[in-house]
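User: I would like to learn how to read charged pairs in a structure. Please show me one and take me through it.

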Amino acid sequence: MLNLKKLTCLTLFLVSPLLFATPSLQAEDKAPLRIICFGAHPDDAEYKNGGTAALWAQQGHKVKLVSVTNGDIGHFEMAGGTLAQRRTAEVKAAAKILGVESEVLDIHDGELLPTLENRKKIVKLIREWKADLVISHRPWDYHPDHRYVGVLVQDAAFMVTVPYFCPDVPRLKKNPVFMYSSDGFQKPYPFRPDVVVAVDNVFDQKLKAVAQLVSQSLEGGAGGNPERAAKVPPANPPELRVEHIRPSWSRRQSSEANKYRTELIGIYGEDVGKKIKYAESFELCEYGSRPNKKMLLKLFPIEASIPKTDK
């Protein structure tokens, strides 16, 4: 007759390597990614990365959106500390909706330069966040602040691993993956996406976040005017402002999806790729870690972004 107690002990002995190894492997596989996105002003990272950031957050990953300047001249009728405070509050409200963190650096809008001091600020932010993935503007753009964010982040790409550069913040032992958010500029070469993410599932969430950026998305920022500001719907109910910006943002995100339809089909397959309405896209920087295509796609919430179909 079998001794149940001995059989149980034998079974545990035989499978014990799996029992003790599997949880650690699972923990490693499921460890949340840490993503930091740099925009020049309090709206850039939200505009370019907000949908993908929301998808990452839904999957339990940690995302931080950083505005490298405080946006204090980015409005047609106000400036200075009052505007900086207003725009900081706007991106904080947007971050809450997206489920991410937000930070605004105290650097004057229009005055960002690629100095050693600013390089150290960027290095420290990347290290403190323990970033796996870093996203920024490309270093050629219409706005000097955008260009210099790109330069500063590129300059940080190697320095984040150097032990005695900014030694007060521990270096990263593994260089993150560095990527660019999309733009339409053609020289010295046009944006070429390596990853295009469907944001259909979070499009309304992104709209709600963008609607919090009232000084920019509704009033027009530095390019606005009193006539445009007068057309801004009241804050309540909030749906009014969301619907006010829906047409322009629908055109904006659908244009990106249509422009990179071939890439969407390559990532999602033909059936899904053809149906995607809205997208955000990213290009791999040649600095930092250089994952292959398969590993790169694992950094992005591709499966979670497959558009849901009505049954």
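This is a predicted model: local features need pLDDT of at least 70, side-chain atom pairs count only at pLDDT 80 or more; totals for chains, interfaces and linings use all residues.

User: How many salt bridges does the structure hold?

Analyst: Side chains of opposite charge can pair when their charged atoms come close. A salt bridge is a side-chain nitrogen of Lys or Arg within 4 Å of a carboxyl oxygen of Asp or Glu. The structure holds 11 salt bridges. Residues are numbered from 1 along each chain as its sequence is written, and side-chain values use heavy atoms, with hydrogens and water left out.

User: Which residue forms a salt bridge with Lys64?

Analyst: Glu103 does, with the closest N and O atoms 2.6 Å apart. Lys64 lies in strand β2 and Glu103 in strand β3, so the pair ties together parts 39 residues apart in sequence. Strands are DSSP runs (E, at least two residues), numbered from the N terminus.

User: Is Lys64 buried or exposed?

Analyst: Buried means under 20% relative accessible area, exposed over 50%, and partly exposed in between (1.4 Å probe, protein chains only). Lys64 is buried at 13%, while Glu103 is partly exposed at 25%.

User: What is the relative accessibility of Arg87?

Analyst: Arg87 has 2% and counts as buried. Arg87 forms a salt bridge with Asp109, the closest N and O atoms being 3.9 Å apart. Asp109 is buried too, at 6%.

Technical notes. Helices (H or I, at least four residues) and strands (E, at least two) are DSSP runs, numbered from the N terminus.
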